[in-house]
Each structure stands twice: as structure tokens, then as C-alpha cells.
Amino acid sequence: HRDLHSFPTRRSSDLSALARNPRHVSGWIQLGVAAESLGQYERALDAYRRAAEVGGATSELWTRQAAATARMGRWHDTIHSAKAALETKPNSGLAWLFLGQALMNLGEDDQALDALRRAAEYLEPCTELFLLQAFAFQRLGMWKEGLASAESALTLDAEHPLALHFVGFAAANLGQTDRACTALRKSVEVGGPNADTLLLLAKCLHQNGRLKDALSAIDESLALKSDSAEAWLTRGWVLGEERRFDEALVCAERARQNDATDRDYYHAMGDLNLLGGAFTDALRQLESGLKSQPDDWDLQADHTIASGCLGWHGPLMEALPPNLNRVNIPPQSTSAVCEFMFKIAANCLRRSEIETARGLLNANLEMNSWHASDWYPKLLGGFLRHVIDISPSVFPAFVDLVSHKTLTEDTRSILDPFVKAKELLETRDLTILERLFPEVRELVLDVVRRVEPAFYESLKRFA
């Protein structure tokens, strides 16, 4: 493919001609090309301007100036040169490309995409064009389009580290974390360790529940860039998931030492203390965060949850759902809030704080607007499986609480094995098993095995 900054070269004899005749246009152009190859972009720019003075400004010379100024990050100058080139040659793909690159670096992503689309009309497919498009799409939150552009780049260069990074970034934002992890790992393999890529990989691994792998990736990232506040915060979140709360809080402090914002620091401290059961500390930290960002929905939601954990919303947190509904939680983030509440509840069970866990479950069940979402049954079922593993003695009471709520048919179908297992454990009525389809019976027996192994032994004939 053609390099972003490549042009037809001149013969070396042109430089000799320039030495004999300072008005030799080709000589000035060749001098500019030579200077660019040595990284002397200011000198190259001066040579192209001298060529224009001698032979007149042409689209090619303006485009060469756009290239040189782009190399120096002088984006306003790049725009000026690229537009001048397009005045005389509107079909100059390279001029459109440099214009798009400059606009993007000035934050004008919509205009940049327009210019890059024009560049694609006149240029042969090239990796750099696809990468610029991918970057602009992703900055605009257009993840599907960004993913498509990055994948187009990979069709031309299957081992391009930046293209692989962009595929990983877009896939992660589309919830395709397995795909993201694969692309990001390959980016590191072919391009060498990169702090930003490793950080993104750690976040994806964390989201996939692969905590040890996530810690390994984040430690590699920090080894390359130890002053990254975001990396320290990410390490803290992963350690919090592993319930290593003292270490996690230390990471949050390290992030603060490396200029984490007040909002991010207090959010991390508050949420880590929520997960660790230090609800008073959590409330205090979240209040401090809200002083710096009073309209932050995430801080507001977590502050409301912390208040509920401290008993401010009733014994079963009856007032937590209406208060949480007053927070303007983005629709795409409701599943994260739901999952966070279940994680706090699971940790409460580990500390034998049964009533707080029950209150969080009750509040979650009263968030009626969540029930129709496809993720809700999975998260609720996952929490009940945690109940079985952590505190099987409370399983019947928690299932009873769930069974008395108004839930969607999809949710009830997922919960049915739990409800039937609870009935079997309480009544010892074996006809319950006889009435079940084999697939459901198998799930019920698995629940019984985990809750009451001795009773399960007597039911093996049904297995």
C-alpha cells in the first residue's frame, strides 16, 4: 500500500542541477524530499516553498507542504495547504487525506470524516486511510463503523499493531470482549508491549472475569508507564473484585498521587469501600466526589446505594428503588448498576450480613424498569448461584423473596429451577422431580446438590 506521506521521487541528478541553478524546480523538490527523509521537516517545507516561488504553486507542491506540516503537527497550516491543493486539483486523494488528518487532530471529527470519505474516492485502499477513519469513528462513539474501518485496515496488513488495537477498542465498546482480547493480545505480540494496549486488554479481561490475567496485563502496563492514574485505578478495581480491599485502596491512593481527578479518586474509594462493607467510609468518599461533580449520575447512584446499605431506606431498602429511579442513569449503564448491587450483596453474605444482602436483593427486584432487559434474568440467576455457593442456608428465604415478586416470563423461566429446588428442599416431595422435564430436573438436582449434599445423595436415582 502507499505510505501516507509518499510522493514520486526525483532523480538524484536534480540536486546537482540545483547546485548549478538555484531556479531549478525539480532540484528544490528533491531537496525537500531528502530533508523529509532525514526528519528535517522545516527545511523540507522551506524547499517546497522555494520551488513554488521559482516555478509557481501547484497542487503537488501544496500537498507536499501539507505533508511536511502534518509531520510537525502544525494542523492549521496543514489545512491551509491541503485546501490550496484542492482548489487546483479537487480530486487529489492525498490532499483530502491530509485535510482529514488535520481536522481530526483539531477535534473536528465530523468534518474529518467527510474529508476522509473524499480521500477514499480517489486513493487506492491504504492502511493509513482506514486507520484515520477508524480513529475518527471511535472518537464519535460510532463503534460499528470504527470496527469496520479497522478491520478493513487489517485486510491490507493483518499484523498492523494499531489496526489490531483499534479493533480491540471498538469490539470492547460493542461488548465483544472475547474478540477484543484476541485482537489486543495480537497487537502486543506483533508490535511489542504498549502501555495503552495492555491497559485496554486488562479492562477487557476484567470484564470477562479473568482477574488474574487482568492483573498480569495491568502490571505489564504499569511497568511501561508507572505514572498512569487510569492504570492504577484499573488495578484497584481488579483487586476489589478479588476482595483484596486494602491493596485496592492503596492503588486508588497511587492514582491520586499521579493526578487522578477528584471525581475518579473519590468514585474509586467510595465503590471499593462499598464492596468491602465500609459503608460509612463509602458514603463520605462519594459525598466528596459529588462536591466536585454534583451532576455525575454514577456518583449519585452509588451514594444512593451506600445510603441504603446504612439503613437509610428502610429495613428491606424499600425506599432505595424510588430514590435510584430519580438518578438519570443512562440506559446502557443500568446493567452495570444492577450487577454492582448484586456484587455488594454477595460480599455482604460472605461477611454474614444477611439483612443487608436481602435488602439489596429486594431493592433490585423492585427496579421494575430493569426486568424487561435481556441481561436482567442472567444477572439475577447469577446472584442466586452465588447465594448457593456462599451461604446455602439462606437460599430458601432469598428464593422465596424472589418468587413473590412480579417478574417477566423470561425471568421466571430462568428462576424456575431455583424455585422448584427450594420447594423440594422444604417439602421433600419427590413428585416435584417426577413432574419436571429432564432438562429442568437436572438443574434442580444440581441446586439441591450444592445446597444440601446429603439430601442429594438420596435422590441419585433421579439423576
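This is a predicted model: local features need pLDDT of at least 70, side-chain atom pairs count only at pLDDT 80 or more; totals for chains, interfaces and linings use all residues.
Reader: OK, how much space lies in the largest pocket?
Author: About 1700 Å³. A pocket here is an open set of points on a 1 Å grid over the protein atoms alone, where a 1.4 Å probe fits, with protein on both sides within 12 Å along at least five of seven lines. The volume is the space filled by probe spheres set on the points, which are joined across faces, edges and corners.

Reader: Which residues lie nearest its centre?
Author: Lys203, His206, Gln207, Ala336 and Glu339, out of 37 lining residues. Lining means having an atom within 4 Å of a point.

Reader: And which helix gives the most to that lining?
Author: H20 does, with seven residues. Helices that each supply at least two residues include H10 (161-173), H12 (195-207), H18 (297-309), H20 (334-350) and H22 (375-390). Helices are DSSP runs of H or I, at least four residues, numbered from the N terminus.

Reader: How does the lining of the largest pocket split by class?
Author: It has 16 nonpolar, 11 polar and 10 charged residues. Ala, Val, Leu, Ile, Met, Phe, Trp, Tyr, Cys and Pro count as nonpolar, Asp, Glu, Lys and Arg as charged, and the others, Gly among them, as polar.

Reader: What about the second largest pocket, how much space lies there?
Author: About 360 Å³. Of its 15 lining residues, Glu241, Phe342, Lys343, Ala346 and His386 are the closest to the centre.

Reader: Which helix gives the most there?
Author: H20, with six residues. H14, H20 and H22 each supply at least two. By class, the lining of the second largest pocket has five nonpolar, four polar and six charged residues.

Reader: Switching to packing: at what angle do the axes of H14 and H16 cross?
Author: Roughly 10°, and the axes of H14 (residues 229-241) and H16 (residues 262-276) come within 10 Å. That makes H14 roughly parallel to H16. Axes are lines fitted to C-alpha atoms, for helices over the stretch in contact, and angles run from 0 to 180 degrees between N-to-C directions. Under 35 degrees counts as roughly parallel, over 145 as roughly antiparallel, 65 to 115 as roughly perpendicular, and the rest as oblique.

Reader: Which residues meet there?
Author: From H14, Leu233, Gly236, Trp237 and Gly240 meet Asp264, His267, Ala268, Asp271 and Leu272 of H16. Contact means heavy atoms within 4.5 Å.

Reader: And how far apart are the axes of H10 and H12?
Author: 11 Å, with a packing angle of about 30°. So H10 is roughly parallel to H12.

Reader: Left-handed or right-handed crossing?
Author: Left-handed. In such a crossing the near helix is turned anticlockwise from the far one by less than a right angle, while clockwise would be right-handed.

Methods. Residues are numbered from 1 along each chain as its sequence is written. Side-chain values use heavy atoms; hydrogens and water are left out.
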